[in-house]
Amino acid sequence: MESAALIGVVVALIVLGGFFAALRGRRSRSGPTYMLLRSAAASPVDEDIRTDQLLDELAVIARTRGFLSMKGKDPRTREIGAELDRMNGMQKMRDVHRVVAAELGGVRARELEVAWDGIGNWRG
C-alpha cells in the first residue's frame, strides 16, 4: 500500500512539473530534477534550467504542504530561496516570486515572501 502511494506522489510531481513548465512557455525537461555537481561555473543556460527546476519544486510545495505551516516556514522553501540568492541575489528571488504570483496567485506569493524573510536582502 505504501509503495502505491509513493508512486502516486512521484507521478503527481512529474505531471505538475511539466504543467508549470508549459505555463511558463518552456519545454518540460526529461532529465533529473536536481543540479549535478560541477567543477566549472554554471553557464547562463544551466542557471535558467536550474531556475525552472526550482520553480517546479516551489509549485509542488505550494500545492502539497504550503510555504508556511503551524510549525513555521517550510525548510525546503527557505533552501530554495537561499540557492536563488546565491545565483543572482535579490533579482533572481524577485524574478521567481513574480512567476509564483502569476502562476499560483497572490496568497501563495505572500506566503513565499514571509517564508523567505531574512534570506539575503529579502524582507518579507
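Of the 124 residues in this chain, 31% are buried, where buried means under 20% relative accessible area, exposed means over 50%, and partly exposed covers what lies in between (1.4 Å probe, protein chains only). The accessible surface comes to about 7800 Å², and 59% of that belongs to carbon and sulfur atoms; these areas come from the Shrake-Rupley method with a 1.4 Å probe, and for residues only the protein chains shown count as cover. Please keep in mind that this is a predicted model, in which local features need pLDDT of at least 70 and side-chain atom pairs count only at pLDDT 80 or more, while totals for chains, interfaces and linings use all residues. Residues are numbered from 1 along each chain as its sequence is written, and side-chain values use heavy atoms, with hydrogens and water left out.

Let's begin with the layout. The chain has four helices and two strands, and from the N terminus on they run α-α-β-β-α-α. Helices (H or I, at least four residues) and strands (E, at least two) are DSSP runs, numbered from the N terminus. Contact here means heavy atoms within 4.5 Å. Among contacts between residues at least 6 apart in sequence, 58% join residues at least 24 apart.

Now for the interior. In soluble globular proteins, nonpolar side chains tend to be buried together. A nonpolar core is a set of buried Ala, Val, Leu, Ile, Met, Phe, Trp, Tyr and Cys residues joined through side-chain atoms within 4.5 Å. The largest one in this model has 18 residues, and Leu58, Phe67, Leu84, Val96, Val100 and Trp116 have the most contacts inside it. Helices α2, α3 and α4 each supply at least two residues of this core, and the largest share, seven residues, comes from α3.

Setting aside residues up to four places away in sequence, Val100 touches Leu55, Leu58, Phe67, Gly105, Arg108, Ala109 and Leu112. Val96, with neighbours within four places left aside, is in contact with Thr51, Leu55, Leu58, Leu84 and Trp116.

Which residues of α4 are buried? Ala109, Leu112 and Ala115 are, and they lie on the same side of α4 because they cover an arc of only 120 degrees around the axis. That arc is taken from the directions from the helix axis to the C-beta atoms. The face turned away from the buried side of α4 carries the exposed residues Gly106 and Val107.

The rings of Trp116 and Trp122 have their centres 5.3 Å apart and their planes at 85 degrees, so the pair is edge-to-face. Rings of Phe, Tyr and Trp (its six-membered ring) pair if their centres lie within 6.5 Å; planes under 30 degrees apart count as stacked, over 60 as edge-to-face and the rest as tilted. Both Trp116 and Trp122 are buried.

Charged side chains come next. A salt bridge is a side-chain nitrogen of Lys or Arg within 4 Å of a carboxyl oxygen of Asp or Glu, and the whole structure has eight of them. One of these joins Lys92 and Glu47 at 3.3 Å, N to O. This pair links distant parts of the chain, with Lys92 in helix α3 (residues 75-104) and Glu47 in helix α2 (residues 44-64), 45 residues apart. Are these two residues buried or exposed? Lys92 counts as buried at 7% relative accessibility, whereas Glu47 is partly exposed at 24%.

Glu79 and Arg76 have their closest N and O atoms 3.0 Å apart; being three residues apart in helix α3, they are separated by about one helical turn. Glu79 is partly exposed, with a relative accessible area of 44%. Glu57, Arg76 and Glu79 are linked in a network of salt bridges. In helix α4 (residues 106-115), Arg108 and Glu111 are likewise three residues apart, about one turn of the helix, and their closest N and O atoms are 3.0 Å apart. Arg108 is partly exposed, at 27% relative accessible area.

Finally, look at the loop between β2 (72-73) and α3, where Asp74 lies. Asp74 counts as buried, at 9% relative accessibility. Apart from neighbours within four places in sequence, Asp74 is in contact with Ile61, Arg65, Gly66 and Phe67.
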